[in-house]
Amino acid sequence: MSTVIVVTSGKGGVGKTTTSAAFATALALRGHSTVVVDFDVGLRNLDLIMGCERRVVYDFINVINEEGNLNQALIKDKRVENLYILPASQTRDKSALTQVGVTRVMEALKERFEYIVCDSPAGIEHGAQMAMYFADVALIVTNPEVSSVRDSDRIIGMLASKTLRAEQSLDPVKEHLIISRYVPGRVNKGDMLSADDVQDILAIPLLGVVPESDAVLKASNEGVPVTFQEDSDAGQAYHDITARFVGEDRPQRFIQEQKGFFSRLFHHP
Amino acid sequence: MSLFDLLGIKQKNSASKARERLKIIVAHERAANQAQMGAPDYLPSLQQELLEVVRKYVDIADDQVKISMEKRNELEVLELNIALTEADKNDLNEN
Ligand SMILES: Nc1ncnc2c1ncn2[C@@H]1O[C@H](COP(=O)(O)OP(=O)(O)O)[C@@H](O)[C@H]1O
Ligand SMILES: [Mg+2]
């Protein structure tokens, strides 16, 4: 049995691709066979975050159009066993994601992988709808900021109506909230929405909080998912999130301000 | 609970403003979505055809025919509203 997970948000730039890469990597590190699929056709960047941009030959759209097969398009990660990347096309637009084509590719991926992580494009249009259509589970990435929360609420509404599960009246898509780019110090000062506020408004369970972190920029500079910076705050946050996702109990460490260890390590003046 | 709360002083930091604004907008948009989701998709074409029929008799603007579907208790209510102006009424008498 495989599980399709969409990483979605509505708003752009909130951390979907960062989360898709880090979460898929953490799942694979735990021994789960995982593929991470870039649905952001035309604006692909998952390959950059995963550091495999120079190995892209065939992409998702080539497979949909049968210009190449799935095995040719899947890129095997060089660092972790069990991890593959299906890159998006950089030259096409999102209309190339046909319902029939995406269905065929998703069916083939389900034959092979335990977890299929779908990195959604921003927006609420066709590309975002295709990314969520087959989902069993949704990770809703939200920044503690008004427009991001509002867009997430919109996406939550769409998950309940515009997915295969909704159309076939199956169990609804399981929703998890990830609050990203969180700064506990600013929350304490009253100039950032708290995790409680966001969770209260969106009314879905909190999977975890990812702090605003320099480690994320470093990770994208190097093309190595932040999961590998094991001693960084964001790296540990993604390990915690993934552990909770597979059912382990982990305390929420990043809602409170990190005194000592992390602040010494990461917040040099 | 902070000292401000205990003293009944309303703290107006920007995060609490954000929270209040979001609660209102999200409730509003959810209600709008709900209404839209329940509405049958033939409403726009029904409205268009009604307009055409009414126009055989009175010259009215597009927005003078309003149509909506609402759930009241257990009943679906299809509400039709055709508002006529004074000029429209004169039209009617002439015909
Ligand atoms: N926890 C974080 N701390 C700091 N910067 C972050 C964090 N998460 C994401 N970013 C940065 O925010 C930007 C957008 O992230 P990205 O994952 O590409 O968002 P999306 O895919 O939602 O558009 C990137 O520059 C990324 O490095
Ligand atoms: Mg992205």
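Trainee: A:Asp240, buried or exposed?
Mentor: A:Asp240 counts as buried, at 4% relative accessibility. Buried means under 20% relative accessible area, exposed means over 50%, and partly exposed is in between, with a 1.4 Å probe and protein chains only.

Trainee: Before we go on, what kind of model is this?
Mentor: A predicted one, where local features need pLDDT of at least 70 and side-chain atom pairs count only at pLDDT 80 or more, while totals for chains, interfaces and linings use all residues. Residues are numbered from 1 along each chain as its sequence is written, chains are lettered from A and ligands numbered from 1 in the order in which they are written, and side-chain values use heavy atoms, with hydrogens and water left out.

Trainee: OK, back to A:Asp240. Which helix is it in?
Mentor: Helix α12 of chain A, residues 233-245. Helices here are DSSP runs of H or I with at least four residues, strands are runs of E with at least two, and both are numbered from the N terminus.

Trainee: And which residues is A:Asp240 in contact with, leaving aside neighbours within four places in sequence?
Mentor: A:Arg250, A:Pro251, A:Arg253 and A:Phe254. Contact means heavy atoms within 4.5 Å.

Trainee: Which residues are linked with A:Asp240 in a network of salt bridges?
Mentor: A:Arg30, A:Arg244, A:Glu248, A:Arg250 and A:Arg253 are linked with A:Asp240 in that network. A salt bridge here is a side-chain nitrogen of Lys or Arg within 4 Å of a carboxyl oxygen of Asp or Glu. One of the pairs is A:Glu248 with A:Arg250, whose closest N and O atoms are 3.2 Å apart. A:Glu248 is partly exposed, at 35% relative accessible area, and A:Arg250 also counts as partly exposed, at 30%.

Trainee: How many salt bridges over all chains?
Mentor: The search of the whole structure finds 19. Among them is A:Glu66 with A:Arg104, at 3.8 Å between the closest N and O atoms. A:Glu66 sits in the loop between α3 (60-64) and α4 (70-73) of chain A and A:Arg104 in helix α5 (residues 99-112), so this pair ties together parts that are 38 residues apart in sequence.

Trainee: What's the exposure of that pair?
Mentor: A:Glu66 is exposed, at 62% relative accessibility, whereas A:Arg104 is partly exposed, at 36%.

Trainee: What about A:Asp77, which side chain does it meet in a salt bridge?
Mentor: That of A:Arg79, at 2.9 Å from N to O. A:Asp77 is buried, with 6% relative accessible area, and A:Arg79 is partly exposed, with 34%.

Trainee: Switching to the interface. How many residues of chain A and chain B are in contact?
Mentor: 13 residues of chain A with 13 of chain B. Between them the two chains bury about 1,200 Å², and 59% of that is on carbon and sulfur atoms. Buried area is the accessible area (1.4 Å probe) that two parts lose on being put together, summed over both.

Trainee: How many salt bridges does the rule find across that interface?
Mentor: Four. B:Arg19 and A:Asp197 form a salt bridge through their side chains, at 3.1 Å from N to O. On the side of chain A that touches chain B, α7 (146-159) and α10 (195-202) each supply at least two residues. The residues of that side divide into six nonpolar, two polar and five charged.

Trainee: What's the pattern of chain B along the sequence?
Mentor: α-α-α-β-β-α, which comes to four helices and two strands. Of its 95 residues, 17% count as buried.

Trainee: Last topic, backbone. Where is A:Arg181 found, and what is its phi?
Mentor: A:Arg181 is found in strand β7 of chain A, residues 174-182, and its phi is positive, near 60 degrees, in a residue other than glycine. A:Arg181 is partly exposed, at 40% relative accessible area.

Trainee: And A:Ala203, where is that one?
Mentor: In the loop between α10 and β8 (206-211) of chain A. Phi of A:Ala203 is positive too, near 55 degrees, and A:Ala203 counts as exposed, at 62% relative accessibility.

Trainee: Which residue follows α11(A)?
Mentor: A:Gly223, with a positive phi near 70 degrees.

Note on methods:
Nonpolar A, V, L, I, M, F, W, Y, C, P; charged D, E, K, R; others polar.
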